[in-house]
Amino acid sequence: MDYTPLRISTVKPLKNLTFDLHIFFKDQYLCYVKKGEQLTEDKYTKLKVQKIAKFFITESDELNYQNFLDNLLSETLSDNKIGSDEKIQMVEGAASSAVERMQSNPGSESAYRMTETAAKSLRQVIKNNPDALKKIFGKKVEKNEELIKHSLNVCALSVKLAEIMKCSEQELDDLGTAALIHDIAIPQMNKNDLPLFYKPRKLLSNDDKRVYYLHTKDAISLLQDKPYVNKAILELVANHEETLSGQGPNKKKKLTRLEEILAMVNNYDKRTITNKTTPMQTLKDMMIDELGNYSLDLLNEFKKVLHTEGLLD
Ligand SMILES: [Fe+2]
Ligand SMILES: [Fe+2]
């Protein structure tokens with residue numbers, strides 16, 4: 001049987017579950033709460049204490065879980081009595097689970113639908129909670145979660161920037177989804193090549209670049225024959241490593257506004273991982289290194305957003 005992982009923050013206690021909830025314990029999957037039953041506060045707390053951060057569902061329950069999560073997200077996000085921390089945590093859980101599912105099962109329509117919903121919810125949380133971006137970026141990255149965190153960061157920051165630049169709702173939806181999945185092919189890279197993700201772009205040799213940039217093409221191979229993935233999203237994913245100076249894998253010198261936003265924000269967040277620089281230093285470096293790679297007005301607009309959102313403190 002195939003099991004799909006999901007985060008504990010996307011399941012709430014005292015709610016009737018519409019799917020069987022499993023945990024992985026001592027090398028096996030155990031049904032922890034049955035369909036129709038509730039996760040008690042007690043059990044929920046216990047799991048958190050034991051640091052069991054992940055649940056599993058079977059493939060046959062994917063749709064049931066998707067509906068459950070859609071309801072839970074819209075209920076939670078529209079509830080004024082629930083604070084921003086809880087909202088952020090739930091949306092992060094949904095987005096992380098979605099990215100993880102897309103990484104391990106890129107051909108799954110249900111994983112893709114979950115990603116779309118997660119991107120929308122992330123945008124909603126950022127729009128309605130002024131402290132959301134700061135809280136998202138302020139979180140410590142768990143071990144082995146760098147790539148997922150990177151995808152969430154790029155999604156959060158690029159939709160914020162695009163919103164300020166007056167992009168349409170459809171564009172924001174496309175950008176958000178594309179940002180979450182832009183690097184889904186990286187975990188499929190050859191194990192020996194994986195360290196390239198952690199290597200500063202400046203230090204990549206031509207050979208490194210050739211190998212590393214294959215993840216943009218690989219992502220397209222995984223997605224292009226899926227009727228539910230629109231063309232705008234494919235283009236965004238395909239061009240997320242491009243620069244206006246034509247140094248990207250596709251050697252494009254003309255980028256749409258959305259492509260440029262995604263590529264620039266991706267570069268920014270990637271730098272904080274590879275160069276381990278502070279946000280302020282990363283921005284300073286970019287204003288020097290990336291002139292000509294992204295338009296000056298976009299870099300300046302980005303600088304403003306980082307500043308107003310308190311991400312440079
Ligand atoms: Fe990438
Ligand atoms: Fe990336």
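**Entry 1: second largest pocket**

I looked up the second largest pocket and found 23 lining residues, with F137, K139, V141, N153 and T272 nearest its centre. The elements giving two or more residues to this lining are α5 (132-138), α6 (146-164) and α11 (257-274). I noted the volume of the second largest pocket as about 540 Å³. By class, its lining holds eight nonpolar, seven polar and eight charged residues.

Terms, for my own use. A pocket is an open set of points on a 1 Å grid over the protein atoms alone, where a 1.4 Å probe fits, with protein on both sides within 12 Å along at least five of seven lines; a lining residue has an atom within 4 Å of a point. Grid points are joined across faces, edges and corners, and the volume is the space filled by probe spheres set on the points. Ala, Val, Leu, Ile, Met, Phe, Trp, Tyr, Cys and Pro count as nonpolar, Asp, Glu, Lys and Arg as charged, and the others, Gly among them, as polar. Helices (H or I, at least four residues) and strands (E, at least two) are DSSP runs, numbered from the N terminus.

**Entry 2: ground rules**

This is a predicted model: local features need pLDDT of at least 70 and side-chain atom pairs count only at pLDDT 80 or more, while totals for chains, interfaces and linings use all residues. Residues are numbered from 1 along each chain as its sequence is written, chains are lettered from A and ligands numbered from 1 in the order in which they are written, and side-chain values use heavy atoms, with hydrogens and water left out.

Donors are N, O and S atoms within 2.8 Å of the metal (3.2 Å for Na, K and Ca); water is not among the atoms, so sites may look incomplete.

The cut-offs: four donors are tetrahedral if all angles lie between 85 and 135 degrees; four are square planar and six octahedral if opposite donors are over 155 degrees apart and all others between 65 and 115; anything else is irregular.

H215 sits in helix α9 (residues 214-223) and H240 in the loop between α10 (231-238) and α11, so the pair ties together parts that are 25 residues apart in sequence. H215 counts as buried because its relative accessibility is 0%, and H240 also counts as buried at 0%. Buried means under 20% relative accessible area, exposed over 50%, partly exposed in between (1.4 Å probe, protein chains only).

**Entry 3: iron ion (ligand 2)**

I then listed the protein donors of the iron ion (ligand 2): H150 (NE2), H182 (NE2), D183 (OD) and N266 (OD1), lying 2.1 to 2.2 Å from the ion. D183 bridges the iron ion (ligand 2) and the iron ion (ligand 1), and the two ions lie 3.5 Å apart. The site of the iron ion (ligand 2) is irregular, with angles of 85 to 176 degrees among its four donor atoms. Its donors follow the spacing H-x31-H-D-x82-N along the chain. H150 in helix α6 and N266 in helix α11 link distant parts of the chain, 116 residues apart. Both H150 and N266 are buried.

**Entry 4: strands β1 and β4**

I checked strand β4 (residues 54-58) and found four of its five residues buried. β4 pairs with strand β1 (residues 3-7) in the antiparallel sense over five bridges; two strands pair if DSSP finds at least two bridges between them. P5 has F56 in β4 as its bridge partner.

The C-alpha atoms of I57 and Y3 are separated by 5.5 Å, though the residues are 54 apart along the chain.

**Entry 5: positive phi**

Most residues other than glycine have a negative phi, and I looked up some exceptions. Strand β2 (residues 21-25) and strand β3 (residues 28-33) pair in the antiparallel sense over five bridges, with L21 opposite V33 in β3. The two strands form a hairpin with two residues between them, and K26 in the turn has a positive phi of about 45 degrees.

D27, not a glycine, has a positive phi of about 65 degrees. D27 is in the loop between β2 and β3 and counts as exposed at 71% relative accessibility.

K276, not a glycine either, has a positive phi of about 50 degrees. I found K276 in the loop between α11 and α12 (279-289); at 71% relative accessibility, K276 counts as exposed.
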